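Hi there,

Here is the structure I promised to pass on. Please open it up and keep it beside you while you read the rest of this email.

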Amino acid sequence: FIADTHLGEGCSTAPTGYEANDTDCYSVADLRRTVSRVNELKPSFVIVGGDITSSAQQTEFDAAKHLLDQLEMPYIPVMGNHDIWSYDQVVGDRTSTPAGDVMFAQTFSDVFTPFMNFSDGSFVYPNTSVYNPPHKCNSSFQSWRLHAGG
């Protein structure tokens with residue numbers, strides 16, 4: 001289980017909008033070391049807990065996926081609160097509605113494929129969308145169930 005990677009945090013471009021080539025920061029270095037160590041441990045699969053990004057910017061999702069794809073086993077990413085609303089310290093909210101759920105789904109869609117045909121179990125990914133009255137928009141929520149056989 002890997003959690004709270006907050007990719008983009010501590011990077012020099014983070015306050016104005018994380019740039020994917022900004023790799024001289026602790027969040028990128030930490031995730032690189034973590035991926036390397038997990039590969040040494042060789043688990044069957046990895047769950048990547050929420051707050052994968054620091055501020056739900058597409059560049060952060062892309063950089064996180066690039067690093068997580070270096071895992072030598074399947075992984076299941078899970079959204080956290082930092083992965084929902086795209087923002088930075090200069091502009092504030094970068095979108096008028098929460099858009100991180102859509103960016104998350106687009107970025108990681110191929111990652112769920114290996115789990116769809118689990119040999120001794122099942123994997124269900126029934127995402128739902130509900131109206132969010134305070135923000136006057138629909139919000140999507142990630143929901144999944146993994147049942148291992150046995």
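Predicted model: local features only at pLDDT ≥ 70, side-chain atom pairs only at ≥ 80, totals over all residues.

Let's start with helix α2, which covers residues 58–68. Its buried residues are Glu60, Phe61, Ala63, Ala64, Lys65, Leu67 and Leu68. What covers them? The cover includes α1 (26–41), β1 (46–48), β2 (75–77) and α3 (100–108).

Next, have a look at how α2 sits against α3. Two packed helices are described by the angle between their axes and the distance between the axes. For α2 and α3, the angle is about 30° and the axes are 10 Å apart. Angles under 35 degrees count as roughly parallel, so α2 and α3 are roughly parallel to each other. The crossing of α2 past α3 is right-handed. On the α2 side, Gln58, Phe61, Asp62, Lys65 and Leu68 make the contact, and they meet Gly100, Met103, Phe104, Thr107 and Phe108 of α3. Sorted by type, the residues of this contact are 5 nonpolar, 3 polar and 2 charged.

Finally, there are two backbone details to look up. Most residues other than glycine have a negative phi. Asp4, however, has a positive phi of about 55° and is not a glycine. You can find Asp4 in the segment before α1. Ala56, also not a glycine, has a positive phi of about 55°, and Ala56 lies in the loop between β1 and α2. Is Ala56 buried or exposed? Ala56 is buried, because its relative accessible area is 0%. Asp4 counts as partly exposed, at 45% relative accessibility.

Enjoy exploring!

Conventions. Residues numbered from 1 in each chain as written. Heavy atoms only, no water. Buried < 20%, exposed > 50% of the residue type's maximum accessible area, 1.4 Å probe, protein only. Helix = DSSP H or I, 4+ residues; strand = E, 2+ residues; numbered from the N terminus. Contact = heavy atoms within 4.5 Å. Axes fitted to C-alpha atoms, helices over the stretch in contact; angles between N-to-C directions. Parallel < 35°, antiparallel > 145°, perpendicular 65-115°, else oblique. Left-handed = near helix turned anticlockwise from the far one by under 90°. Nonpolar A, V, L, I, M, F, W, Y, C, P; charged D, E, K, R; others polar.
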